[in-house]
Amino acid sequence: MSGLNSAVLEDVLAANDRYVASFGDKGELPMPPGRQFAILTCMDARLDPAKFAGLAEGDAHVIRNAGGRASDDAIRSLVISYKLLGTREWFVIHHTNCGMETFTGRTIAGLLASSLKTATIDETGWHDSGDGPGSKAGEFIAWLTIDHLAQSVTDDVTRIRSHPLVPANIPIYGYIYDVKTGRLLEVPEATAIGRAA
């Protein structure tokens, strides 16, 4: 284990000890989210849904992946959120300056075919920084990159809204989180598509 990894592990465990010390009665929270909504958003470390949506433990489901995309697995989680745990409203929240806008599926597949080392980016684009071996398995993954931010929100709301396992009575709201200001900006077309029947 590298020094960086062990320092990270130590920091996480120390933070957990501090959290446990003030955990209080959170162990009594019910499984269904108290505010009965779910958020699908990006895994980007700059986004803190608890802060930008005013959440505390037990309030809402937060589903995160690269780009906050409506992948099969994200929809699986949303359906469970509704069917078994009672959420009644859903948000799709993408964000400005998203890393998913910086490459294409072909780009990442090529980088992975070259090596499995972490790539670098500069003003000319992404570059592989390691020697092989790589893997061509990246050619068979739908990376769900983003070409146009508002359109990606609209596309994801549309995909969720039209899914046969999603009830028509759940409103789905489309938003973009601005990483420079912290503000949620509505994508009106997406919210219109997501309107409950």
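Which residues are buried in H3? In the predicted model examined here, local features require pLDDT of at least 70 and side-chain atom pairs count only at pLDDT 80 or more, whereas totals for chains, interfaces and linings use all residues. Residues are numbered from 1 along each chain as its sequence is written, and side-chain values use heavy atoms, with hydrogens and water left out.

Helix H3 (72–83) contains 12 residues and extends 16 Å from its first C-alpha to its last, close to the 16 Å expected at 1.5 Å a residue; the expected span is 1.5 Å times one less than the number of residues. Helices (H or I, at least four residues) and strands (E, at least two) are DSSP runs numbered from the N terminus. The buried residues of H3 are Ala74, Ile75, Ser77, Leu78, Val79 and Ser81, where buried denotes under 20% relative accessible area, exposed over 50%, and partly exposed in between (1.4 Å probe, protein chains only). The cover over these buried positions includes S1, S2, S3 and H5.

The loop between strand S2 (61–65) and H3 holds Arg69. Arg69 is buried, because its relative accessible area is 8%. Beyond its neighbours within four places in sequence, Arg69 is in contact with Leu40, Ala74, His94, Leu144, Thr145, Ile146, Ser152 and Asp156, contact being heavy atoms within 4.5 Å.

Apart from neighbours within four places in sequence, Val153 is in contact with Val92, His94, Gly174, Tyr175, Ile176, Val187 and Ala190.

Thr104 lies in the loop between S3 and helix H4 (105–114). With a relative accessible area of 38%, Thr104 is partly exposed. The C-alpha atoms of Thr104 and Trp143 are 7.9 Å apart, although 39 residues separate them along the chain.
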